[in-house]
Structure formats: C-alpha cells, structure tokens
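The notes are grouped by topic and can be checked against the coordinates.

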Amino acid sequence: MSELLPPSRDFAGLYRRTVAPLRRHLARILGNPAEAQDVAHDAYLRVFPVVEKQSAEKPEALLYTTARRLAFNRLKRRRIAAITPDSPAIDGMASAAPGVVQQVMARQELQQLESAIAALPEGCRTVLLLRKVELLSHQEIADRLGLAVSSVEKHHARALRLLRVALQPAADRPGPAPTQEARP
C-alpha cells in the first residue's frame, strides 16, 4: 500500500501541481487562454521568491490570490485602454484642443472684457477685481478698503451691471427711447 506523500513545498513542485488548473481558472476570469498564460507566468514570477524562502504557509493560496489580482488588474486596464488594433489611428482622430477660430474668438472676448473692466469707475473696478481675482469676501474687501460692507456690495453690484451692459451684443442693447412723432 502506497502512502500519499505530502506535497512538496519547493517551487518546482508547486508549479507542476498548479500550472494547468491555474491557467484554466485564469482563462475563465479573462476569457482568453493566451492572456491567462501570461498572467499565470507573472504570478509565478511574483511568488517565486516567497516560495523559495518557504516563508508562505500556503503557497498555493498565495499563488491563486496573486494570479487573481493580476487578472482583475488586467481586466481594469482593458476598460481604461480601449484602444485595440481595430481602433482608428490616433493621428486621424479629432483634437480636443480648440481650433483657430475658437482661439481668435476667445482672445477677442478677453480683450472686450479687459476694456470693459478698464472703463469701470475706480471704486467698482477695485471691488470687482478684489472679489473675482483675489476671491475676497465682501467683509474682507470692506476691511481692506476701509469701507462699509454695504458700500462694497453696492460697488460690486454696480460693476456687474455695467459689465453686463458693456459686454452685451450691440443688437441686444436697448436703443434710444422712441420719440413721438410730431403731429401735423
């Protein structure tokens, strides 16, 4: 009667016992036997030093856990890097950067905004810049300028109202009040 020998704890024994079932397990997770073979290879590489030192209590469990984590990481990368050989070439894809027309329009709008801000009365411009550029609160602006908070709020509201009118397209601006025609 032959006695069952305990499984050897060396790396070669672990490899012989687990290579086929591990590849099948990974192929079920990944859905691709070639990828399963690659992941299994990586898993063996990672557990090799631990198994050789015999510091793992359960080398098979360590191997399967490592392989499963590598497989899940590979699945995550598939979702992130969806570029496949069938994908269109990156050079042929539209750029997300703004085109020349958008850049020119943005520069013109910026120039209009700068001119409108420069045309504001001094107090309104100062309050607006402190509020929008330095992101100070009304209280902080009032403390800095030595004004009442209500004055700061009025300057800020007036500045916004003047900017709104200045930046309104010419077609949308209210025209002069209609005059009454003289009756004959």
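L110, L113 and L167 form a nonpolar patch on the surface, and together they have about 230 Å² of accessible area. The model is predicted, and every value below is computed from it.

**Surface patch**

- L113, one of the patch residues, is found in helix α4, which covers residues 100-118.
- L113 counts as partly exposed because its relative accessibility is 32%, and the range for that class runs between 20% and 50%.

**Nonpolar cores**

- The largest nonpolar core has 18 residues, of which L22, L26, V39, Y44 and L63 touch the most other members.
- Among the contributors, α2 gives the most, with seven residues.
- Apart from this core lies another one, of seven residues, including L120, C124, L128 and L163.
- Leaving out residues up to four places away in sequence, L22 touches A40, Y44, L63, Y64 and A67.
- As a general background point, nonpolar side chains in soluble globular proteins tend to be buried together.

**Salt bridges around E35**

- The count of salt bridges comes to five.
- R74 forms one of them with E35, where the closest N and O atoms are 3.6 Å apart.
- This pair links distant parts of the chain, since R74 belongs to helix α3 and E35 to helix α2, 39 residues apart.
- Both R74 and E35 are buried.
- R74 counts as buried because its relative accessible area is 17%, under the 20% limit.
- E35 falls in the buried class because its relative accessible area is 15%.
- R78 also forms a salt bridge with E35, with the closest N and O atoms 2.2 Å apart.
- The R78 pair again links distant parts of the chain, with R78 in helix α3 and E35 in helix α2, 43 residues apart.
- R78 is partly exposed, because its relative accessible area is 35%.
- Not counting residues up to four places away in sequence, R74 touches L30, E35, D38, V39 and D42. Of these, V39 is also one of the residues that touch the most other members of the largest core.

- E134 forms a salt bridge with R144, and the closest N and O atoms are 2.9 Å apart.
- E134 sits in the loop between α5 and α6 and R144 in helix α6, so the pair, ten residues apart, links distant parts of the chain.
- E134 is partly exposed, because its relative accessible area is 44%.
- Salt bridges that share partners join E35, R74 and R78 into one network.

**Backbone at L135**

- L135 has a positive phi of about 60°, although this residue is not a glycine.
- L135 is placed in the loop between α5 (122-132) and α6 (138-145).
- L135 is exposed because its relative accessible area is 65%, over the 50% limit.

Definitions and conventions. Residues are numbered from 1 along each chain as its sequence is written. This is a predicted model: local features need pLDDT of at least 70, side-chain atom pairs count only at pLDDT 80 or more; totals for chains, interfaces and linings use all residues. Side-chain values use heavy atoms; hydrogens and water are left out. A nonpolar core is a set of buried Ala, Val, Leu, Ile, Met, Phe, Trp, Tyr and Cys residues joined through side-chain atoms within 4.5 Å. Buried means under 20% relative accessible area, exposed over 50%, partly exposed in between (1.4 Å probe, protein chains only). Helices (H or I, at least four residues) and strands (E, at least two) are DSSP runs, numbered from the N terminus. Contact means heavy atoms within 4.5 Å. Patches are made of residues with over 30% relative accessible area and no salt bridge: like charges are joined within 9 Å, nonpolar side chains (Val, Leu, Ile, Met, Phe, Trp, Tyr) within 5 Å. Accessible areas come from the Shrake-Rupley method with a 1.4 Å probe; for residues, only the protein chains shown count as cover. A salt bridge is a side-chain nitrogen of Lys or Arg within 4 Å of a carboxyl oxygen of Asp or Glu.
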